[in-house]
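Thanks for coming, everyone. Let me put the structure up, and then we can walk through it.

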Amino acid sequence: LVAPQQVDDKEKDGSKEEEEIVVPRTTYLPHGSDVDLMDVLKRCCDENSGVTLVGYGPTVQAICHILGDILCIPNVQVLRECIADESEARRDAMLEHGLLFDERVVSLTDFLEEYDCLHDRIDPGAVASADPAPKYVCDAKRGGHLCLFLPYLTRDYGYAEWPVQTWYQEGGSAAFTGKEGRTYYCPLGRRSVDLCDEPGFSSRFRLFLTGRQHLDEKDLLHQLVPELMP
């Protein structure tokens, strides 16, 4: 178990640093009789602060039981995409039925939107721009020209690159359809950025002209030139 804590006697630029507490164990799963583990959990968790768990599925389940049954910590959440297990079916069953104390299972996207963690990852100071407000660009892998422009935008025009995440997959999972559908991407956290090749996430500039959808979708094209459509 690795838990963050604030260290009072270490300061950097007037602010407190955080370091990690590593708690080793000799058993396969953590349990309430582990004195060192219980001491760390009592110091790091309380009824007024939220606890977010990630890691190996059975270990996360055991920690949830300790927090709920022994320490009575109410605000516990588990990040769905950050739970690992050798068996996906066992992991899904644990998340669906194995959490007994009202733990919330949330997606990584919702977690990032709620806590706005991305601003700690992207340093606005790294953006070489006279404009104090940073500008962000995201390559959503649409296959257009943005991937060619991206190095010049970040090097010469003061843009910082925003991370990308999977948005959705067309045609469902290969396990059900027998073939892999196309995967679509969007900015991490489903945020709108200044420039993105996925038009719905581009707030200032777009690489596609308004009305382009009429050329891509046959039913909309029929509205423009019905006499030319079969």
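Ground rules. This is a predicted model, so local features need pLDDT of at least 70 and side-chain atom pairs count only at pLDDT 80 or more, while totals for chains, interfaces and linings use all residues. Residues are numbered from 1 along each chain as its sequence is written, and side-chain values use heavy atoms, with hydrogens and water left out.

Two terms before we start. Helices (H or I, at least four residues) and strands (E, at least two) are DSSP runs, numbered from the N terminus. Buried means under 20% relative accessible area, exposed means over 50%, and partly exposed is in between, with a 1.4 Å probe and protein chains only.

Start with helix H2, residues 57-70.

How many of the 14 residues of H2 are buried? The count is 10, so H2 is largely enclosed by the rest of the structure. Among them are Val60, Ile63, Ile66 and Leu67. What covers the buried residues of H2? The cover includes H1, strand S3 (51-56), strand S4 (76-84) and helix H3 (88-97), where contact means heavy atoms within 4.5 Å.

Here is one specific pair. Leucine 41 sits in helix H1, residues 35-44. Leucine 41 has a relative accessible area of 5%, so it counts as buried. After H2 comes cysteine 72, with a positive phi near 55°.

Next, aspartate 197. Aspartate 197 is in the loop between strand S10 (193-196) and strand S11 (202-205). It is buried yet has no salt bridge. A salt bridge here is a side-chain nitrogen of Lys or Arg within 4 Å of a carboxyl oxygen of Asp or Glu. For charge, Lys and Arg count as positive and Asp and Glu as negative; His and the chain ends are not counted. The nearest side chain of opposite charge belongs to arginine 142, 6.3 Å away.

On to the aromatics. Rings of Phe, Tyr and Trp (its six-membered ring) pair if their centres lie within 6.5 Å; planes under 30 degrees apart are stacked, over 60 edge-to-face, the rest tilted. The whole structure has five aromatic pairs. In one of them, tryptophan 167 and tyrosine 168 have ring centres 5.0 Å apart and planes at 70°, so the pair is edge-to-face. Tryptophan 167 and phenylalanine 201 have centres 5.0 Å apart and planes at 85°, so that pair is edge-to-face too. Tryptophan 167 lies in strand S8 (residues 164-169) and phenylalanine 201 in the loop between S10 and S11, so this pair ties together parts 34 residues apart in sequence.

Tryptophan 167 is partly exposed at 35%, and tyrosine 168 is partly exposed at 37%. Phenylalanine 201 is buried at 9%. Trp167, Tyr168, Tyr184 and Phe201 form one aromatic cluster.

Last, the salt bridges. The count is seven. Glutamate 86 and arginine 90 meet at 2.9 Å, N to O. Glutamate 86 is exposed at 64%, whereas arginine 90 is partly exposed at 43%. Asp85, Glu86 and Arg90 are linked in a network of salt bridges.

Two further bridges join sequence neighbours. Arginine 91 pairs with aspartate 92, closest N and O atoms 3.4 Å apart. Aspartate 156 pairs with arginine 155, with 2.9 Å between the closest N and O atoms. Aspartate 156 is partly exposed at 43%, and arginine 155 is exposed at 57%.

That is the tour. Questions, please.
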